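Subject: Handover of a structure and notes on its features

Dear colleague,

Please find below the structure that I am passing on to you. My notes on it follow directly after.

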Amino acid sequence: MNIHVNEALGLFHLQSKDCSYIIQLVEGYPAHVYWGAQLHHDQSLASILELRERCSFSPTPVSSSRTISLDTLPQEYPQYGTSDFRQPAYQVALADGTRTTELKYSGYRIEPGKPKLDGLPSVYTESDDEATTLFLILEDQYSGLKTTLLYTVFANHSAIARSALFEQKGSATINIEHAMSASVDFADSNYQALYLSGAWVRERHIQRRDLGPGSIRLESRRGSSSHQMNPFLALLRSDATEDRGDVYGFSLIYSSNFVAQAEVEQFNQTRVSIGINPFDFSWRLEPGQSFQTPEAVLVFSEEGLGGMSRTYHRLYRTRLCRGAYRDKERPILVNNWEATYFDFDADKIEAIAKEAGPLGIELFVLDDGWFGKRDNDDSSLGDWFEDRRKLPGGLADLAKRVNEQGLQFGLWVEPEMVSPDSELYRSHPDWCLHAEGRRRTEGRSQLVLDLSRKEVCDYLYETLSSVFSIAPITYVKWDMNRNMTEIASATAPSERQKETAHRYMLGLYDLMERLTSQFPDILFESCSGGGGRFDPGMLYYMPQTWTSDDTDAIERLAIQYGTSIVYPASTMGAHVSNVPNHQVGRITSLAIRGDVAMSGNFGYELDLTAFTNEEKELAANQIAQYKEIRSLVQQGDMYRLLSPFEGRGDTAWMFVSEDQSEAFVAYFRVLAEPNGPIRRLTLKGLDPDKKYIIEHGATGNTAVHAGNTLVEDGGSPFCVAFDGEIFGGDRLMKIGLVVSDLSGDFASSTFRLKAISN
Ligand code: DGJ
């Protein structure tokens, strides 16, 4: 990690672990020179840029030089209006209504470590030697606008964190209409775009397509990052694979309207930018005020998509997620949502907890329906007081009864919402987002509270603080079940209405900061109808997210695989639910449901009182197995082996400990294959010089019989596989393991590998 500056040449060479990023000043314009594999630093880097005179349709802002046109110059933070016709990084309306500004270099500084971003989530450091930050200062002489571009490089991650800080130093009020977090110009277009799209119960499916002249634009206009499109875009060299080739990732630490786009222009240069969606956004900047954009995290990998994912995983797991649970093993939970929906009482909950304790489950989570008069989803959001009809002794009594079964107690809330049929709404009808005089569009019979207003956030802070103090609550599921409509605030002046969606997010971030600091021992899991807000912004406050409302094991293969492109397994909630599955009606074995859920933060979401003895025995084995591999899944490096988006949909992945002494492999065969070929699973991430002993998991199809082993050998849910044969890491990675002996559809098999000392 280093930042080299050659002031005479106007050269800034940023070296993050394994990558270089080079900026050069051209007549005061910060030009983008290079981003890719790490280069040695020397003066020759100043001659990489190739400037060429083009025709009159690429105007030249410097009258003495016809080779400089902003229409063709690769830039760091391009602007519209002075000869660049491509997608700008920002646009500002000045007091006179004009929109031409020209940010030019006015200085720089370098600081050790990484600054916190005011009011926004961001990657952080624990000591200054982990990172270095360049502040590149640009100014528009005419308006007094000052924009500082922040670039942080890391000692341990092949990543660069970027954002921009706008300050109005001039004397007039200006309006920011567009402010990207990062913009990068690539020299050619021989790339494919990869991104994660979907819908409710079908989140983060992988899309990969060629770039060509024109634009690819990914965005959300829903007031949240959304189920439909994740705030992430990668460019891959066209021949890049899971394991090889250059990959450039762009991930935005933000939970609301975003845009990520790639534009291929006339000379096949490609401009990528990511940031707050300019659609329905503007921000008024009075003299002396500032505006900080969210942070974008750029990751470069020469080791394909897998290499990029592992960089995001490590960075986000260790330096985005925070709190007591960041490095702690997450509890195995049982949640009553799919078990009871709204139809429960304290006795029913206690009965589920009574079954859960002996199985080894550690936490009970009481989901929706415990408050107000909520017997269905028509009412009561906002009325955060216990429903004594269902819980005569309240939450304190229920938590005590659950604790007596040996389980911790967790609670569901949906604080950002209000039901029109609620006491809160009747008292404060103007507290929701709405446009005066217009219909208030409902979604699931609920409206969105206006978190751009401080008094609303303060009320929620007080209310939730009381709720979380009623009982020994160790876990909170923070849900959010609709998108925003009529985005306007009753208290904002007309010229600031377009700030509402972003101000909402700042209010939410502040609320979450206050609550998570006040309750440091609570494990918070965010949720938005499953994965509607599975983004790095939420992970800064809550280290895990309910991945999807789709709990079907086979659908989850695609969802969890796609999610793993950016997010580590420790952030993904994954539960075993009932069959026929409530979302797709599919029937799968308890074994595969367990194996899929074990690849995230494991839990159950079904009525344990309905389990047969055989199911209880298998569940106990699953829980025992998960406890043995939990730290590997939650803290290890993930290697994807087979993609559900290719071929027959078979899926496999593995988790390897940092010292490569242990690994956990999960293989899922979707459909049985008649008279098929011998299939081998080639492993990854092992030490080629180490020897490994392999054990079968006791839960998948190959080892249904191995349930007995638990009893026989007095403890381990794993049993020796392949007759105890020892395998070299090299052989496992070059030749692999035969996995074609599974029988039936929806089959799975898990293995644990342990290195042996010679
Ligand atoms: C949506 C969540 O994703 C579900 O898990 C459940 O908590 C329901 N909301 C409750 O309304």
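A residue is called buried when its relative accessible area is under 20%, exposed when that area is over 50%, and partly exposed in between, with a 1.4 Å probe and protein chains only as cover. Helices (H or I, at least four residues) and strands (E, at least two) are DSSP runs that are numbered from the N terminus.

The model is predicted, so local features are given only at pLDDT of at least 70 and side-chain atom pairs only at pLDDT 80 or more, whereas totals for chains, interfaces and linings use all residues. Residues are numbered from 1 along each chain as its sequence is written, and side-chain values rest on heavy atoms, with hydrogens and water left out.

Two strands are said to pair if DSSP finds at least two bridges between them. One partner of E39 is strand E33 (residues 662–669), which pairs with E39 in the antiparallel sense over 8 bridges. Within this pairing, Phe-668 has Ser-748 of E39 as its bridge partner. Strand E35 (residues 691–696) also pairs with E39 in the antiparallel sense, over 6 bridges.

Thr-750 belongs to strand E39. Is Thr-750 buried or exposed? Thr-750 counts as buried, because its relative accessibility is 1%. Its side chain forms a polar contact of 3.1 Å with the side chain of Gln-625. A polar contact is a pair of N or O atoms within 3.5 Å; within protein, one atom must be able to donate a hydrogen and the other to accept it, and residues adjacent in sequence count only if both atoms are side-chain atoms.

**Strand E20**

Strand E20 (residues 295–301) is mostly covered, with 7 of its 7 residues buried. Both of its faces are covered: Glu-295, Val-297, Val-299 and Ser-301 are buried on one side, and Ala-296, Leu-298 and Phe-300 are buried on the other. Strand E9 (residues 159–168) pairs with E20 in the antiparallel sense over 4 bridges, and Ala-159 has Val-299 of E20 as its bridge partner. Strand E15 (residues 247–253) also runs antiparallel to E20 and is joined to it by 7 bridges. In that pairing, the bridge partner of Ser-251 in E20 is Val-297.

**Ser-20 in strand E3**

Ser-20 is located in strand E3 (residues 19–26). Ser-20 counts as buried because its relative accessible area is 0%. Which residues does Ser-20 touch, not counting those up to four places away in sequence? They are His-13, Leu-14, Gln-15, Tyr-34, Trp-35, Gly-36, Ala-37, Gln-38 and Leu-39, where contact means heavy atoms within 4.5 Å. With His-13, the side chain of Ser-20 also makes a polar contact of 2.8 Å.

**The ligand site**

The ligand is surrounded by 13 residues, and the closest are Asp-367, Asp-368, Lys-477, Asp-479 and Asp-549. A residue is near a molecule or strand if one of its heavy atoms lies within 4 Å of it. The shell around the ligand divides into 4 nonpolar, 3 polar and 6 charged residues. In this grouping Ala, Val, Leu, Ile, Met, Phe, Trp, Tyr, Cys and Pro are nonpolar, Asp, Glu, Lys and Arg are charged, and the others, Gly among them, are polar.

A polar side-chain atom of Asp-368 lies 2.6 Å from an oxygen atom of the ligand. For Lys-477, an N or O atom of the side chain is 2.7 Å from an oxygen atom of the ligand. An N or O atom in the side chain of Asn-481 is 3.4 Å from a nitrogen atom of the ligand. Taken alone, the ligand exposes 300 Å², of which the protein buries 97%; the areas come from the Shrake-Rupley method with a 1.4 Å probe.

**Backbone features**

Most residues other than glycine have a negative phi, and most peptide bonds are trans. Glu-27 has a positive phi near 50°. It lies in the loop between E3 and strand E4 (29–37) and is partly exposed, at 45% relative accessibility. Arg-444 has a positive phi near 55°. Arg-444 is in the loop between helix H5 (423–427) and strand E25 (447–448), and its relative accessible area of 29% makes it partly exposed. Finally, a cis peptide bond with omega of about -10° joins Val-579 and Pro-580. Pro-580 is placed in the loop between strand E29 (572–577) and helix H10 (590–597).

With kind regards
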